[in-house]
Amino acid sequence: MSEDRRTAERVVIVGAGMAGARTAVALREEGWPGAITLLGAESHPPYDRPPLSKAVLQGGHGGDASAGSEGGASAGTEGGASADAVTGPAGATSLGIDFAALDVELLLGHPANALRAADRLVVAGDTVLPYDHLVIATGADPVGLPGSETSPGVHVLRTLDDAERLRPVLAAGRRIVIVGAGWIGAELTTAAREAGCPVTVVEATGRPLADALPAEVTAPMAGWYEEAGARLLTGTRVAAVESGGVLLGDGSRLRADAVVVGIGARPATGWLAGSGVELGADGSVRADERLGTSLPDVYAVGDCASFPSARYGERLLIHHWDNAFRGPVTVAARIARCAEETPVYDPVPYFWSEQFGRFLQYAGHHSGGERLLWRGDPAGTSWSVCWLRDGVLTALLAVGRPRDLAQGRRLIERAARLDPERAADPSVPLKSAAV
């Protein structure tokens, strides 16, 4: 493609979260000379979502590089994105990107309504944007419950405005019911208890993090809630959210001053209906190995996109900060160069979370059938779990053992085989267990 032609072309990025903002930056880093328009549904300038569940709720400020996920687990600044430590909630989440200096047009408060692919147009209310290349980076929307949209005092935590509405509730020490004991539920519980709120957590499955980790790994985590002074009800279904509490599946009620629903998120792709963009059963955009979609010159990145992983032999949908930060590099290279020159996108998934005074990190992917190998005592404050398939390390969860995570991530990347006896000894550096 000639330089003159590229200069005349426009990239439209729909979604101004981490994935969208990072795509704009990566395009300029690749030397893209054409126009870039970043379209955001919210009125706020692009910000980092992960601190919402911790720093913003507590009225602090960002700059903490210890944790992260686009989908709501607490996050920081790995990989070069700047979360400026500016006093106040908005400053706590700032990406520190000067879009004017990058010559990136920001259109905020413009949620996309439709994609007219045949005409190469994105529709956002009364605004219609032509594109030569389109990047879908609309993230994910929180899953609700019956009554959650109409009952007063019900909260989700996905946006800065959500955090601003919830923060005074915590500051006042209100009685809170949290629905869901996943990653976001654990972090919300941590923040609420640190604020002095009485907290009851309702989980439909029999244990915390049931969708993420096997039962033997989550077994010690149930006790973390009790240690923090929170009440955890497992195997308890919420039938509906009501004013002043929740209606449980058995007909009983839990009273609360506020209810926070944290039961997961779905890709925000409803606006693509009828566009020709292929979606999966989970609602995600089905991207290819270089994050292209079923339409020419249309790409997808971040929480809204699934991609095939040769490393793990299945399609992955990753709702975490690291994926939202790394995927845009592939998309920008594909747009600025050509598909043949772009490396395949097949990362080792990674995320981290801070909850109940513990620092959790996870790298890799496990799907069942792997051998579990423990490093350390799960009753203690520092331990790890390795997943091995045919002796090869495929995933690792580290609780208070960041060195295990750093070494394990590199071992996973090169499909290293471990000596099980040495790997099970927490006094042996994990890298020294490779054979």
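Mentor: Happy to! In helix H2, the buried residues are Met 18, Ala 19, Gly 20, Ala 21, Arg 22, Thr 23, Ala 24, Val 25, Ala 26, Leu 27 and Arg 28. Buried here means under 20% relative accessible area, with exposed over 50% and partly exposed in between, using a 1.4 Å probe and protein chains only. Keep in mind that this is a predicted model, in which local features need pLDDT of at least 70 and side-chain atom pairs count only at pLDDT 80 or more, while totals for chains, interfaces and linings use all residues. Residues are numbered from 1 along each chain as its sequence is written, and side-chain values use heavy atoms, with hydrogens and water left out.

H2 covers residues 18-29; helices (H or I, at least four residues) and strands (E, at least two) are DSSP runs numbered from the N terminus. From first C-alpha to last, the twelve residues of H2 reach 16 Å, close to the 16 Å expected at 1.5 Å a residue, where the expected span is 1.5 Å times one less than the number of residues. Because eleven of its twelve residues are buried, H2 is largely enclosed by the rest of the structure. Its cover includes strands E1 (10-14), E2 (35-39), E3 (104-107) and E7 (133-136), along with helix H8 (321-336); contact means heavy atoms within 4.5 Å. Just after H2, Gly 31 takes a positive phi of about 85°.

Ser 353 is buried, at a relative accessible area of 0%. Its side chain makes polar contacts with the side chains of Glu 187 (2.6 Å) and Gln 355 (3.0 Å). A polar contact is a pair of N or O atoms within 3.5 Å; within protein, one must be able to donate a hydrogen and the other to accept it, and residues adjacent in sequence count only if both atoms are side-chain atoms.

E22 also leads us to the largest pocket: E22, helix H5 (183-194), and strands E17 (265-267), E21 (314-317) and E23 (358-364) each supply at least two residues of its lining. Of the 49 residues lining this pocket, Trp 183, Asp 211, Ala 212, Gly 264 and Ala 265 lie nearest its centre.

Notes:
On a 1 Å grid over the protein atoms alone, a cavity is a set of points where a 1.4 Å probe fits but cannot get out, and a pocket is an open set with protein on both sides within 12 Å along at least five of seven lines; lining residues have an atom within 4 Å of a point.
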